[in-house]
Amino acid sequence: MNPERFASVHAVDALAWLSAGLMLVLVGWWIARSVARAGLHRPAALLVDALLPLLAFLLLSAATARPVFAGAVTLALAAGFAFSDRRKRQILNEPIVVSDVFIAYDIFRHPNLALPFPDTARVLGGAGLAVAAFVALFALEPPAWTWSVWPLVGLSGLLAAGIWALNGPLNAFVGRALRRLHPSGDPVRDGASFGPLATLLIYGIVARAERATRRIPATPHVNGVSKANRASLAPVVVVQCESFFDVRRMHPSLHRDLLPNLDHCRSAGVQWGRLAVPCWGANTVRTEFAVLTGLPEAAIGFDKFNPYQGFARAPVASLAWQMRSEGYRTVCVHPFDRRFYGRDRVMRNLGFDEFL
């Protein structure tokens, strides 16, 4: 065969493989969007929403020279995201939000908390079959072009530079630009309007851009309260008991004297009542932060989904800081791993002398 004709045929084959891989990416992207019921009425949002799967496909293609394999892996990742998104909507009335992406590794760090619910045999069996399928596909698919390290290095460098710019010098500018799209802060509505992946990017970038101006600075000082006066201060205890509620609300036939100690606390307290909390069924770190700081969701912007992820990584005005200023020693006790939700890095910023 003529070398030029051979090169032309090989280029056509490579283009065909590339097109097949992109079709797989498109299918995965469509699956993720269908769960969010995202429309096609915002062209700019479509481009932003397609950015993550397209980047994954390009990086995998550059790393393997096998575009069908790259498309299949991207499809699997998108389908996994869609499945998780759908399940979270069903269980917690909320889609996957940007903070979920950052704390996903807690599944592996704390499997005893995250993995008792699914069938372990099915999870492990499904993961094993998926790995075997990808290995077989990689082995069977011939390279579509001569592999070189330089496309991978170039794409990785561009990606790293983009992430650095979005986290640094361009963050404020891009955050203001994305605010002009008028995201509502409701992840269900924004997912349908922008697409689920675009919503993750918008929330993450805007949250970082607005974080410093939204923080109410703490006043970490202690006045000159003597030890004697400090010893006379009445102890104050705040308990967050996530599974407790007044069961008498369930039905009028339940005895009114079922919870005498709760009734005593109510009668002896200055104020009592039901608390409107910014979560349902989980994510009680939001309630924890709201009680400690008094900040409503609107005050902390898109950091509201997990205030400990970034917002509380600097001192924030709180009840604990106020108590310290009045002479109290403040202690936080938590029954799980101190690293869970990054509490080991934020409790001092919320005014606690000690975290156990």
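Predicted model: local features only at pLDDT ≥ 70, side-chain atom pairs only at ≥ 80, totals over all residues.
Two residues are in contact when heavy atoms of each lie within 4.5 Å. Leaving aside neighbours within four places in sequence, E288 is in contact with Q240, Y308, R343 and M347. Its relative accessibility is 12%, and E288 therefore counts as buried, the cut-off being under 20% relative accessible area.

Helix α14 also carries F289, whose ring forms a pair with that of F311. The centres of the F289 and F311 rings are 5.9 Å apart and their planes stand at 90 degrees, so the arrangement is edge-to-face. Because F289 belongs to helix α14 whereas F311 lies in the loop between α15 (297-300) and α16, the pair ties together parts 22 residues apart in sequence. Both F289 and F311 are buried.

Across the whole structure, a search finds eight aromatic pairs. One of these is formed by F69 and F134: the ring centres are 6.4 Å apart and the planes lie at 85 degrees, so this pair too is edge-to-face. It links distant parts of the chain, since F69 is in helix α3 (residues 67-92) and F134 in helix α7 (residues 120-140), 65 residues apart. F69 counts as buried at 12% relative accessibility, whereas F134 is partly exposed, with a relative accessible area of 25%. Ring pairs link F69, F134 and F138 into a cluster.

Attention now turns to Y328, in the loop between α16 (319-325) and β1 (331-332). At 19% relative accessibility, Y328 counts as buried, because the class requires a value under 20%. Residues up to four places away in sequence not being counted, Y328 touches L233, A234, V236, M323 and D353. With A234 there is a polar approach: a polar atom of the Y328 side chain lies 2.7 Å from the backbone oxygen of A234. D353 is 25 residues from Y328 along the chain, and their C-alpha atoms are separated by 9.6 Å.

Rolling a probe the size of a water molecule over the atoms shows where empty space is left. A search of the whole structure finds one cavity of 30 Å³ or more, and the largest cavity holds about 50 Å³ of space. The elements giving two or more residues to its lining are α10 (187-194) and α11 (196-214), with α11 giving the most, four residues. The lining residues include R89, P95, I96 and Y203. By class, the lining divides into eight nonpolar residues, two polar and one charged.

Notes
Residues numbered from 1 in each chain as written. Heavy atoms only, no water. Buried < 20%, exposed > 50% of the residue type's maximum accessible area, 1.4 Å probe, protein only. Polar contact = N/O pair within 3.5 Å; in protein donor to acceptor, adjacent residues only side chain to side chain. 1 Å grid on protein atoms, 1.4 Å probe; cavity = no way out; pocket = protein on both sides within 12 Å on 5 of 7 lines; lining within 4 Å. Points joined across faces, edges and corners; volume = space filled by probe spheres on them. Nonpolar A, V, L, I, M, F, W, Y, C, P; charged D, E, K, R; others polar. Phe/Tyr/Trp six-rings, centres within 6.5 Å; stacked < 30°, edge-to-face > 60°.
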